[in-house]
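Colleague: Before we look at the model together, could you show me how to read its ligand contacts and its aromatic pairs?

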Amino acid sequence: MQTPIIHQAIQFLKQGKLIALPTETVYGLGADAKNEEAIRKIFNVKGRPVDHPLIVHIADLSQLSDWAIDISDTALQLAKTFWPGPLTLIFKKASHVSPLLTGGQNTIGIRIPNHPIALSVLKNFGSGIAAPSANRFGRISPTTAEAVREELGDAVDLILDGGQCEVGVESTIVDVSGNDIRILRPGMISAKQIETVLHQHLSKNKNNIPRVSGSLELHYAPKTKTHLMSVDEIKNYLSTTKNFPLAVMGLTKISNAKMDFVMMSEHPEKYAHDLYQTLRELDKKNYREILIEKVPDGVEWDAVRDRLQRASK
Ligand code: TXA
Ligand code: MG
């Protein structure tokens, strides 16, 4: 069914306008992936360098061959297992695909998101929607409609409000464009889950890795200076620093009259769900610094650990 707001979103896409749409991971800044003018707008609004490729979102598997070629059985197996869901697959691109979308590379990122509003827009639109996260380049991805408004204001023509994103961090990106299947960006679908489906180990080969803007060292970052530390390092730091007021975010309760403490969940899914919203709120409070307790070593923490490292370089 097409509600009036979805209808308007489709009209805007057809007119080359930008819409913000909720997905299960983070909000995306969407445009018609076949309209080069609209794609240019995405880069302008985000302030994103043009060599950082965009992900194309599609409604179902039958659309995959509109965008990608040389689709291996392994890739299909991953798509069938995890789509719709927080997984982006990198394929060789079809020849008609604009190099503007792919940052000049010969590969393209594709994903079917698992959110009723995103899926409804995609089904009714009938073609691919290019959508990076709806934040300014390098900043924290938005996980609520309000956060999109803070990031982009009037630069986006329509914001579809789908509530808070369930996953909270961006999709896992897996390169299936060559022989080495490898993770380019960790997400809540872990390396272990992917290896279990494929009955093979993923490649750790770092040669010829395509550019991934999420792999820049400082990314997903608050404006406030942010440090990642062990509990002991935090305690030592608190006993010597004069840099107050400051906030500590962590899994181990620390009491100190001079700082604010935010307790995070010991469950990685819940931690990921809350992460960006918590950082965004702390970032508004004019702390001199934010200290974040390191998370455990297990693979289930890979996505959270990766984003914390990038927020705090
Ligand atoms: O969960 C997500 O993936 C969200 C939602 C909106 O779908 N999107 C997202 O898009 O995080 P973005 O543009 O913020 O991050 C996409 C990442 C970038 O780091 C980009 O460089 C990488 O995907 N990427 C896209 N196409 C690629 C390609 N052909 N080769 C390598 N990396 C690619
Ligand atoms: Mg992004």
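Modeller: A polar contact is a pair of N or O atoms within 3.5 Å; within protein, one must be able to donate a hydrogen and the other to accept it, and residues adjacent in sequence count only if both atoms are side-chain atoms. Here an oxygen atom of ligand 1 is 2.5 Å from an N or O atom in the side chain of S171, while a polar side-chain atom of H57 lies 2.7 Å from an oxygen atom of ligand 1. This is a predicted model, in which local features need pLDDT of at least 70 and side-chain atom pairs count only at pLDDT 80 or more, whereas totals for chains, interfaces and linings use all residues. Side-chain values use heavy atoms, leaving out hydrogens and water, residues are numbered from 1 along each chain as its sequence is written, and chains are lettered from A and ligands numbered from 1 in the order in which they are written.

Colleague: How are the aromatic pairs read, and how many does the structure hold?

Modeller: A pair of aromatic rings is described by the distance of the centres and the angle of the planes. Rings of Phe, Tyr and Trp (its six-membered ring) pair if their centres lie within 6.5 Å, and planes under 30 degrees apart count as stacked, over 60 as edge-to-face and the rest as tilted. The structure holds two such pairs. The centres of Y220 and Y276 are 6.3 Å apart with planes at 20°, so this pair is stacked; those of Y271 and W301 are 5.5 Å apart with planes at 85°, so that pair is edge-to-face.
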